[in-house]
Amino acid sequence: MPPAELLDLRPPPALDGDESLFLDFDGTLVELAGAPDAIVVDDALRDLLIRLGERLDGRVAIVSGRSVEQLDAFLGDALAGVAVVGSHGAETRAAGGALVVPDRPDALAAAERALVDHFADRGGVVIERKSLGVAVHYRHQPEAEAEANDLVARYAGRAGLVAQPGKMMAELRLGGADKGSAIAALLQQPPFAAGRPVFLGDDVTDEDGFRAVAAAGGAGVLVGEARATAATHRLDGVAAVRRWLAAAA
Ligand SMILES: O=P(O)(O)OC[C@H]1O[C@H](O[C@H]2O[C@H](CO)[C@@H](O)[C@H](O)[C@H]2O)[C@H](O)[C@@H](O)[C@@H]1O
C-alpha cells in the first residue's frame with residue numbers, strides 16, 4: 001500500500017471544452033507491450049484523437065518520448081488535427097505544420113553502435129534506434145538494467161546527449177529540451193494559449209510536463225499506480241484514460 005500522502009490524488013474532473021490537452025502516448029493512450037513495436041494501436045484511438053481535436057478546436061497535442069516519425073507510423077492521418085511533440089520534447093510539429101527537428105548528433109551513432117555490439121548476444125535486450133535517441137529495452141532481461149544504465153551514462157554528456165530513464169529501459173537522448181519545455185512553448189502560441197493546460201502521462205519523463213502545466217495554472221494527471229509525482233490527479237490506467245477522454249469527445 002502506498003504511503004498515505006500518495007492517496008489524495010483524485011481522478012480529474014470531466015473535460016469541459018476549454019482545456020489545452022497534452023497527452024503522453026505509451027502507457028497513457030496505449031497499453032505497454034513487450035517491445036517498442038509490439039503495441040496495439042486501434043481505430044478507436046485514432047477516432048478519439050480526431051474527435052478531441054475537433055471538440056477542443058485544435059488544442060490537443062501528443063507529447064511523447066517516441067520520435068514524430070514513429071508516432072506517424074502508428075497514428076497516421078489521426079494526427080492531422082493534432083500537434084505532435086516527439087523525442088521527449090526535442091521535436092515539434094504543429095497540426096498541419098512542418099516538423100521542427102534538430103540535427104542528429106554524430107555521437108549518437110557511435111553510442112548506438114556500441115550498445116548494439118555490447119548486447120549483440122543478448123536476445124532479450126532490444127536496442128531501439130530513434131531520430132534523436134537510442135534506447136536499451138531490458139523488459140525481457142531485467143538483470144541487464146544496471147549494465148544498460150551504466151553504458152548509457154558513459155555516453156551522456158557528449159554532444160548534448162543526456163540519460164533518460166524509463167519503464168524497463170535506459171535511453172540516451174538529445175538534451176536541451178524536455179516535455180515540460182515543449183508544453184510551455186506550445187502554451188505561448190495559438191491555439192494552445194487559449195486553453196487551460198491539462199497533461200496526462202505515466203512515466204518519469206512526464207514529470208517535467210506535470211510541472212509545466214502546474215506552473216501555467218493547469219492540471220497534471222498521473223496514469224497508473226500512485227507514486228511521488230508533481231501531478232495533481234490520477235487515473236488508474238489506459239482504459240480509464242480512454243473512458244475519460246471519450247466522455248468529452
Ligand atoms: O513518452 P512516451 O510516449 O510514454 O514514450 C516513452 C517510451 O515509450 C516506449 O517504451 C515504452 O513502451 C514500450 C512499448 O510498450 C515498452 O516495451 C517499454 O518497456 C517502455 O519503456 C518507446 O519504445 C520509447 O522509445 C519511449 O521513449
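The chain splits into domain 1 (17-101 + 177-248) and domain 2 (106-174), with bounds that come from an automatic or database domain assignment. This is a predicted model, in which local features need pLDDT of at least 70 and side-chain atom pairs count only at pLDDT 80 or more, while totals for chains, interfaces and linings use all residues. Residues are numbered from 1 along each chain as its sequence is written. The C-alpha centres of domain 1 and domain 2 sit 24 Å apart. Where the domains touch, 17 residues come from domain 1 and 15 residues from domain 2; residues count as in contact if their C-beta atoms, placed from the backbone, lie within 7 Å. On the domain 1 side there are 6 nonpolar, 8 polar and 3 charged residues. For these classes, Ala, Val, Leu, Ile, Met, Phe, Trp, Tyr, Cys and Pro are nonpolar, Asp, Glu, Lys and Arg are charged, and the others, Gly among them, are polar.

Now for the ligand. Its shell holds 25 residues, and the closest are Phe25, Asp26, Pro36, Ser64 and Gly65; a residue is near if its C-beta atom, placed from the backbone, lies within 6 Å. Strand 6 (126-130), strand 7 (133-137) and strand 9 (169-174) are the elements that each supply two or more residues to this shell. Helices (H or I, at least four residues) and strands (E, at least two) are DSSP runs, numbered from the N terminus. Domain 1 and domain 2 each put at least three residues into the shell around the ligand, and by class the shell has 9 nonpolar, 7 polar and 9 charged residues.

Those strands belong to an open sheet of 4 strands, ordered 6-7-9-8 with antiparallel pairing; strands pair if DSSP finds at least two bridges between them. Strand 6 and strand 8 (161-166) are at the edges with a single partner strand each, so one side of each has no neighbour in the sheet. From one strand to the next, the twist averages 15 degrees. Strand 6 and strand 7 run antiparallel and are joined by 5 bridges, and valine 126 has histidine 137 in strand 7 as its bridge partner. Helix 3 (residues 106-118) packs on the sheet and touches strand 6, strand 7, strand 8 and strand 9, its direction making about 20 degrees with that of strand 7.

Elsewhere, the axes of helix 5 (residues 179-186) and helix 6 (residues 207-215) come within 7 Å and cross at roughly 35 degrees. Axes are lines fitted to C-alpha atoms, for helices over the stretch in contact, and angles run from 0 to 180 degrees between N-to-C directions.

Conventions: Two residues are in contact if their C-beta atoms, placed from the backbone, lie within 7 Å.
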